[in-house]
Amino acid sequence: MSRKEWREVGKQSLYFVLALAGMALLLRGMDLLVAALGLAQAWPFEGEKLIIILAAWLLMFSMFLGLSPFAMDSKQKGMEYLLTLPYSRRRLLVIKFLPRLAAVVFFYFAFALLYGLMGNNALAGGLAMFSLSYFALFFISFSLSVVHENFIIQS
């Protein structure tokens with residue numbers, strides 16, 4: 001069961017990275033298009049824009065990771081099966097929680113590294129506020145992940 005959770009989080013993280021790469025390419029393409037049309041001067045690829053987009057995506061991703069642990073089980077009507085496994089409820093929560101926490105921490109450190117390298121002024125020096133919001137959003141959404149069966153209503 002634990003291997004399944006790690007695989008699921010890995011798949012969700014891969015989708016996140018691919019979507020983020022698409023956003024970065026779109027941002028670069030828009031800069032080139034504006035320069036080609038002569039509407040503005042061609043600017044170099046600015047790190048602050050990427051950091052702001054990455055911060056917004058990370059906030060959404062932390063909420064998604066927090067809400068997703070029981071989404072597939074609820075969708076497939078497997079909550080009863082999940083509770084019949086020979087694990088305590090606390091152990092089930094830990095099995096669902098650890099892979100998601102590891103992904104959230106990994107992406108946070110990757111963001112902090114990029115923030116230090118590319119965009120120190122992007123969040124107006126608000127890395128501490130972003131960090132608090134990022135982890136709080138994850139923990140709050142994880143604590144509410146069992147409340148409702150519909151993922152859209154949860155978010």
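Predicted model: local features only at pLDDT ≥ 70, side-chain atom pairs only at ≥ 80, totals over all residues.
**Entry 1: Glu5.** I located Glu5 in helix 1, which covers residues 2–36.

**Entry 2: surroundings of Glu5.** Which residues are in contact with Glu5, leaving aside its neighbours within four places in sequence? I found Ile95, Lys96, Pro99 and Arg100. With Lys96 I also noted a polar contact, side chain to side chain, at 2.9 Å. Ile95, Lys96, Pro99 and Arg100 are themselves listed among the buried residues of helix 5.

**Entry 3: helix 5.** I then turned to helix 5, which comprises 30 residues, 89–118. From first to last C-alpha I read a span of 43 Å, close to the expected 44 Å. Where does helix 5 bend? I placed the bend, about 30°, at Phe97, and Pro99 follows within four residues. Both Phe97 and Pro99 are buried. Further along helix 5, I recorded other buried residues, including Ala103, Val104, Phe107, Tyr108, Phe111 and Tyr115. An α-helix has 3.6 residues a turn, so residues three or four places apart point the same way.

**Entry 4: the whole chain.** I checked the secondary structure and found 7 helices and 0 strands in the protein chain. Of its 155 residues, 35% count as buried. The chain exposes about 9600 Å², and I noted that carbon and sulfur atoms supply 71% of that area. Among contacts with a separation of 6 or more, I recorded that 75% come from residues 24 or more positions apart.

How values were computed:
Residues numbered from 1 in each chain as written. Heavy atoms only, no water. Helix = DSSP H or I, 4+ residues; strand = E, 2+ residues; numbered from the N terminus. Buried < 20%, exposed > 50% of the residue type's maximum accessible area, 1.4 Å probe, protein only. Contact = heavy atoms within 4.5 Å. Areas by Shrake-Rupley, 256 points an atom, 1.4 Å probe, with all protein chains shown as cover. Expected span 1.5 Å × (residues − 1). Bend = angle between axes of the 7 residues up to and from the residue. Polar contact = N/O pair within 3.5 Å; in protein donor to acceptor, adjacent residues only side chain to side chain.
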